[in-house]
Amino acid sequence: MADGSWYDADIDRVIVSEEQIRDKTTELAKQVAEDYREVDGVLLVGVLKGAVMFMADFARAMGRHGRSVEMEFMAVSSYGQGATSSGVVRILKDLDRDITGRHVIVVEDIVDSGLTLSWLLRYLASRSAASVEVVALLRKPDAVKVPVSVKYVGFDIPNEFVVGYGLDFAERYRELPYVGVLRPAMYGKV
Ligand code: IMP
């Protein structure tokens, strides 16, 4: 729970605690490492900026489970400065290398409408990856309305705007060690 850090005053309630994130990341990495034990050259593709914390922790957890990985990052935008989806996906940063024949695991912070992810999966398939699966730390119920296959999911959370552990509101709160809901008053201030 909240422990007196500066941001705690801005947070209404914690949805997923630091400890829950740590335990779930370990559990997901163990499962993925097991599923990919026969596969050479697993490539994690992290989606900036939101997935940066989860990517870092997930990759290390994979290593602890004896699974080597390589890391790539993409940046796409589907949200503007606010808390609602614009429905537009733009590539801000592309892959740095060819992924032909690679076994790709997309590492996502959150699947909300699923719009970004379904676009990204089509994009990665068009780049001739051998396989593409998704590990997402968080998923909101709306995600089920978009036909997008997320094989590994950490937590299903309520349909509320959350911040922390990589997720921002207007570029703030990414450094929170947990995932929480902002106090409504904060929307007006940022
Ligand atoms: P989607 O396309 O609606 O699934 O959402 C894509 C992106 O929107 C995510 O990768 C996040 O970066 C961002 N996003 C969605 N929901 C939230 C939220 O509750 N808080 C912060 N960012 C979010």
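Start with β1, β9 and β8: in that order they make up an open sheet of three strands, paired in the antiparallel sense. This is a predicted model, so keep that in mind as you click around. Which strands stand at the edges of the sheet? Color residues 11-16 (β1) and 162-163 (β8): those two are at the edges, and each has a single partner strand, so one side of each has no neighbour in the sheet. In general, strands in a sheet are held in pairs by backbone hydrogen bonds.

Now select residues 179-182, which is β9; four bridges link this strand to β1, and the pairing is antiparallel.

Next stop: a pocket. Select E18, I21, R22, T25, T26, D57, R60, A61, R64, Y165 and P177, and you have the lining of the second largest pocket. The space inside comes to about 170 Å³. Which helix gives the largest share of that lining? Show α1 (18-35) and α2 (52-64), which each supply at least two lining residues; the largest share, five residues, is from α1. Color by class and you'll get five charged, four nonpolar and two polar residues.

Last, jump to R102, in the loop between β4 (85-93) and β5 (103-111). Is R102 buried or exposed? Its relative accessibility is 17%, so R102 counts as buried, the cut-off being under 20%. Show E70 too: the side chains of R102 and E70 make a polar contact at 3.4 Å. Beyond its sequence neighbours within four places, R102 also has contacts that include G41, V42, L43 and R97.

Methods: Residues numbered from 1 in each chain as written. Predicted model: local features only at pLDDT ≥ 70, side-chain atom pairs only at ≥ 80, totals over all residues. Heavy atoms only, no water. Buried < 20%, exposed > 50% of the residue type's maximum accessible area, 1.4 Å probe, protein only. Polar contact = N/O pair within 3.5 Å; in protein donor to acceptor, adjacent residues only side chain to side chain. Contact = heavy atoms within 4.5 Å. Pairing = 2+ DSSP bridges. 1 Å grid on protein atoms, 1.4 Å probe; cavity = no way out; pocket = protein on both sides within 12 Å on 5 of 7 lines; lining within 4 Å. Points joined across faces, edges and corners; volume = space filled by probe spheres on them. Nonpolar A, V, L, I, M, F, W, Y, C, P; charged D, E, K, R; others polar.
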